[in-house]
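Hello,

I am handing over the structure we talked about. Please look through it first; my notes follow below.

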Amino acid sequence: MRNILQFVNINLDSEKHREIVTKFRRDSFEVSFGDGIDFDEEDYLHWLKEKIVDNPNGFVLVMEDNKYVGQIELTIREYEGKNIGYVHLYYLISEERSKSKGQKLDDYAREFFKDNNINEFHLRVSPTNISAIKFYCKIGMNEIGLEVNGKVIRMQGFV
């Protein structure tokens, strides 16, 4: 029997949720950039609180069998004069990667963007995060350029 992923809105009033999102975000820094030195927990929680107000369904924890296994962060923003979707985070804990669950996170994101009348979305990824780049290409995203002095690649996808 296959387990179903559940998407639960992040509630920053919950100490458990605050603990989980900071742990997951810190790990995402380590996976992307090799360490979590640039991760500031207080700044992150402040940013998250502000963003959740505008897009509560864009900020979710992913659960399977009553265990938190991932996180998604999605917003809508302006880019070159048009509104696009933006993926701030697709995250799965290490033991859940490469099990086709990333596709479920992407399905959730595309549905979120579709519900908000958005047909294009972007994200940025570290050039050293080869497995993430391969995944993004697999789901149909394209590299559209380097940013932040070559520290990240901007990728584009369509709903």
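**The largest pocket**

In this predicted model, the largest pocket has a volume of about 1400 Å³. Its lining is made up of 46 residues, and S28, S32, L89, Y90 and Y136 are the closest to the pocket's centre. By type, the lining residues divide into 21 nonpolar, 11 polar and 14 charged. At least two lining residues come from each of these elements: α1, α2 (41-54), β4 (82-92), α3 (101-115), β5 (120-125) and α4 (130-138).

**Helix α3**

One of the elements that supply the lining, α3, has 15 residues. From its first C-alpha to its last, α3 reaches 21 Å, close to the 21 Å expected at 1.5 Å a residue. The buried residues of α3 are K101, G102, L105, D106, Y108, A109, R110, F112 and F113. For reading that list, recall that an α-helix has 3.6 residues a turn, so residues three or four places apart point the same way. After α3 comes N117, with a positive phi near 55 degrees.

**D13**

Where does D13 lie? D13 is in the loop between β1 (6-9) and α1 (15-33). D13 counts as exposed because its relative accessibility is 72%, and the cut-off for exposed is over 50%. D13 and N149 are 136 residues apart in sequence, and their C-alpha atoms are 37 Å apart in space.

Regards

How values were computed. Residues are numbered from 1 along each chain as its sequence is written. This is a predicted model: local features need pLDDT of at least 70, side-chain atom pairs count only at pLDDT 80 or more; totals for chains, interfaces and linings use all residues. Side-chain values use heavy atoms; hydrogens and water are left out. Helices (H or I, at least four residues) and strands (E, at least two) are DSSP runs, numbered from the N terminus. Buried means under 20% relative accessible area, exposed over 50%, partly exposed in between (1.4 Å probe, protein chains only). On a 1 Å grid over the protein atoms alone, a cavity is a set of points where a 1.4 Å probe fits but cannot get out, and a pocket is an open set with protein on both sides within 12 Å along at least five of seven lines; lining residues have an atom within 4 Å of a point. Grid points are joined across faces, edges and corners, and a volume is the space filled by probe spheres set on the points. Ala, Val, Leu, Ile, Met, Phe, Trp, Tyr, Cys and Pro count as nonpolar, Asp, Glu, Lys and Arg as charged, and the others, Gly among them, as polar. The expected span of a helix is 1.5 Å times one less than its number of residues.
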